[in-house]
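Please keep the viewer open as you read.

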Amino acid sequence: MIPAAFDYIRAGSADDAFAQLQRLGADARVLAGGQSLIPAMRFRLARPAVLVDINGLKDLDYIRIDSGTLSMGAIARDSAVERAPWIQERKWSLLHDVSRVVADPVVRQMGTVVGSLCHNDPSGDWTAVALAARAELVVRGAAGERTVGIDDFLVDSFTTAVQEGEMALAVRFSVPDDRTAGSYQKVERKVGDYATAAVAVQVSLNADGTVREAGIALSAAGPCAVRVAEAEALLKGQAPTADLIKAAADAASRKSEPQADLRGSIEYKKNLAGVLVSRGLRQALARLGVQS
Ligand SMILES: Cc1cc2nc3c(=O)[nH]c(=O)nc-3n(C[C@H](O)[C@H](O)[C@H](O)COP(=O)(O)OP(=O)(O)OC[C@H]3O[C@@H](n4cnc5c(N)ncnc54)[C@H](O)[C@@H]3O)c2cc1C
């Protein structure tokens, strides 16, 4: 199919984009990489009257590490994350893993991290990663810029804290310390497919080897990505033993609320969520030199 008729505005600056969005309200949608919005329009699942294209906004095309924060602007592409030199550092292993399995290389060339978070697909990859890493979004609204933690940002399937007339400017991740590692575990039918189940894990250890903080989140496990707070709490302050990992995996299986589809049954996907949490925790710990 071809999309319904729409008007197109190429924003000249972030201020211009924001002014257009404020003026047009519910009629307008931000066009970032277009890798989700354009297919949705072609299937007539989305029928925006106006697209406000932000691809020309070079001041939103950045990835920088500054004062303990990694910031990605609204048109930082997946491919730029994948190619960033710092992504090879152990502390960024969660972002390293995900940057190689979102969609396929062609989609990653255009798709943006912020766009993916704004899209909030139930099976998206970046949403689970943002939860596990406790990211935050910078959103520009009528009252100015505000920062929204990822738990509040992800509201429901395809719904976020970005309101009509607003736009997300950036996503921010705290720079992990050197005793931090992560893992992204995704089962997909083939390269370029959405997850059958996926798990994001990030673990920070104390000097004595106990867990200082754990981030564990699931994708393709409900209306949108979900934090497994029970598993995080189980690990915190404890030595990460095999029994504890098993308990965290069981908590993830219980938390997972997938839908049955061509990728698998509910029972299979719930079990898979637990298996992937176990694998993810073991891989993150192995990256920190801890056998579990
Ligand atoms: C073949 C194919 C396979 C894919 N496989 C996967 C996969 O395995 N895993 C996965 O996670 N994704 C997958 N995707 C989706 C892809 O990752 C998209 O890039 C991503 O979901 C959206 O990013 P985008 O920059 O293209 O956003 P767009 O498509 O431009 O926008 C998506 C939505 O977010 C809104 N939006 C975007 N930016 C902003 C902003 N700054 N402020 C406010 N609203 C904004 C738009 O208005 C729109 O509603 C796939 C896509 C394709 C085409």
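R44 sits in the loop between α2 (37-42) and β3 (50-53); helices (H or I, at least four residues) and strands (E, at least two) are DSSP runs, numbered from the N terminus. This is a predicted model, in which local features need pLDDT of at least 70, side-chain atom pairs count only at pLDDT 80 or more, and totals for chains, interfaces and linings use all residues. Residues are numbered from 1 along each chain as its sequence is written, and side-chain values use heavy atoms, with hydrogens and water left out.

R44 has a phi near 60 degrees, a positive value in a residue other than glycine. With a relative accessible area of 31%, R44 is partly exposed; buried means under 20% relative accessible area, exposed over 50%, and partly exposed in between (1.4 Å probe, protein chains only). S67, in the loop between β4 (63-66) and β5 (69-73), also carries a positive phi, near 45 degrees. S67 counts as exposed, at 73% relative accessibility.

Another serine, S204, belongs to strand β12 (residues 197-205) and is buried at 7% relative accessible area. Leaving aside neighbours within four places in sequence, S204 is in contact (heavy atoms within 4.5 Å) with residues including R179, T180 and E213. β12 pairs with β11 in the antiparallel sense over eight bridges; two strands pair if DSSP finds at least two bridges between them. Across this pairing, G182 stands opposite Q202 in β12. Seven of the eight residues of β11 (residues 180-187) are buried.

The largest nonpolar core has 63 residues, and F153 is among those with the most contacts inside it. Such a core is a set of buried Ala, Val, Leu, Ile, Met, Phe, Trp, Tyr and Cys residues joined through side-chain atoms within 4.5 Å. A second, separate core of 28 residues includes A197 and V228.

Now to the ligand. These are some of its polar contacts, meaning pairs of N or O atoms within 3.5 Å:

| Residue | Protein atom | Ligand atom | Distance |
|---|---|---|---|
| V30 | backbone N or O | oxygen | 2.6 Å |
| D125 | polar side-chain atom | nitrogen | 2.7 Å |
| A168 | backbone N or O | nitrogen | 2.9 Å |

Taken alone the ligand exposes 960 Å², and the protein buries 90% of that (accessible areas come from the Shrake-Rupley method with a 1.4 Å probe). Within the shell around the ligand, α6 gives the most, with five residues.

Notes: A polar contact is a pair of N or O atoms within 3.5 Å; within protein, one must be able to donate a hydrogen and the other to accept it, and residues adjacent in sequence count only if both atoms are side-chain atoms.
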